[in-house]
Amino acid sequence: MPAFSTYAAGTAVSKEPDRLFAQPLAQVPDFAFNEDVVRVFPDMIKRSVPGYPTIVENLGVLAAQFAQPNSVLYDLGSSLGAVTQALRRHVRTDGCRVIAVDNSAAMVERCREYLNGQDSMFQELLPVEVIEGDILALQFQPASVVALNFTLQFIAPEQRTALLSRIHQSLLPGGALILSEKLRFNDPQEHALLTDLHVAFKRANGYSELEIAQKRSAIENVMKPDSLEEHRERLLAAGFSKVVPWFQCLNFASLIALP
Ligand SMILES: C[S@@+](CC[C@H](N)C(=O)[O-])C[C@H]1O[C@@H](n2cnc3c(N)ncnc32)[C@H](O)[C@@H]1O
Ligand SMILES: O=C(O)C(=O)C[C@]1(C(=O)O)C=C[C@@H](O)C=C1
């Protein structure tokens, strides 16, 4: 039986510790959101992404300011539904519903279980639908909030502008895209400093040098971070009128993009 903990207003999630990279691997495979990752994901993302709990909770608070009546709130690359749960904790706007999308079958299955748990503990939550699918192939409905919480970095760089354009076209007046990403920095000294500090953050959270090194080589082919400047330019090219960073902790940031 997996161990469970409660976080964020009582919903139970797995608290199995992330030891996926603790033993030396003859060859480190490319990182994938498979069953092994799903089991440890709440622990992994909290110990790997500085500011993650603050970003997720405040994403709900921000979303409540942009939610428009009778519209969709999208959680794209929803994983276990942490953002979806925050949206449902904070948004009370009439007629809103949440659509969570992820292309990992293992994530989607566990996400549905966790959302059933949230439904059984709280009343009057926004309705939610969890879709197993590719966000690049999604037919967007009129939306007031779109969350891309650490998902765009896993999309092939040449496909990012087209995706953001389609999101922009689906956004209603008064709505917003909230985009969180790991950043790289054009200034080599700034990049080296914040990368070193991120390693220190992981070490302080109990990861060994081996775990840090093997995770780095697992994600380097599948996760391609951009700089803040690249994000801003791409969002403007995709049609957004304004880009406002609202959070940064070390080399992780979150932006509000207005249609
Ligand atoms: C770092 S996780 C996102 C974390 C999550 N948003 C949260 O806040 O807890 C990235 C997720 O994006 C999903 N993903 C990557 N590419 C995708 C695509 N093309 N379509 C749908 N989901 C995708 C992965 O399966 C993974 O669950
Ligand atoms: O930079 C890292 O080492 C990370 O672990 C980052 C990151 C992310 O930003 O999504 C990568 C993969 C996991 O999903 C969790 C965190």
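Student: A residue is near a molecule or strand if its C-beta atom, placed from the backbone, lies within 6 Å of it. On that rule, which residues come nearest to ligand 1?

Tutor: Phe33, Gly77, Asn103, Ser104 and Asn149, out of 21 residues around ligand 1. This is a predicted model: local features need pLDDT of at least 70, side-chain atom pairs count only at pLDDT 80 or more, and totals for chains, interfaces and linings use all residues. Residues are numbered from 1 along each chain as its sequence is written, while chains are lettered from A and ligands numbered from 1 in the order in which they are written.

Student: Where does Asn103 sit?

Tutor: In the loop between strand S4 (97-102) and helix H4 (105-121). Helices (H or I, at least four residues) and strands (E, at least two) are DSSP runs, numbered from the N terminus.

Student: And Asn149, buried or exposed?

Tutor: Buried, because 24 C-beta neighbours lie inside 10 Å. The cut-offs are 20 or more other C-beta atoms within 10 Å for buried, 12 or fewer for exposed, and partly exposed in between, with C-beta atoms placed from the backbone. Asn103 has 16, so it is partly exposed. Asn149 lies in strand S6 (residues 143-149).

Student: What does Asn149 touch beyond four places in sequence?

Tutor: Ile55, Leu59, Val83 and Ser180. Contact means C-beta atoms, placed from the backbone, within 7 Å.

Student: Which residues does the UniProt "binding site" annotation cover?

Tutor: The unreviewed entry lists Tyr52, Gly77, Ser78, Ser79, Asp102, Asn103, Asp134, Ile135, Asn149 and Arg216. They span 165 residues in sequence and the farthest two C-alpha atoms are 25.1 Å apart, so they do not all gather at one spot. Positions use the numbering here, feature names are shortened, and annotations may be inferred rather than shown by experiment.

Student: Switching to ligand 2. Which element gives the most to the shell?

Tutor: H1, with 3 residues. Helix H1 (35-48) and helix H7 (209-219) each supply at least two.

Student: Last one. How many residues are in the largest nonpolar core?

Tutor: 52, and Leu73 and Val146 have the most contacts inside it. Helix H2 (residues 52-66) gives the largest share, 6 residues. Such a core is a set of buried Ala, Val, Leu, Ile, Met, Phe, Trp, Tyr and Cys residues joined through C-beta atoms within 7 Å.

Conventions: Two residues are in contact if their C-beta atoms, placed from the backbone, lie within 7 Å.
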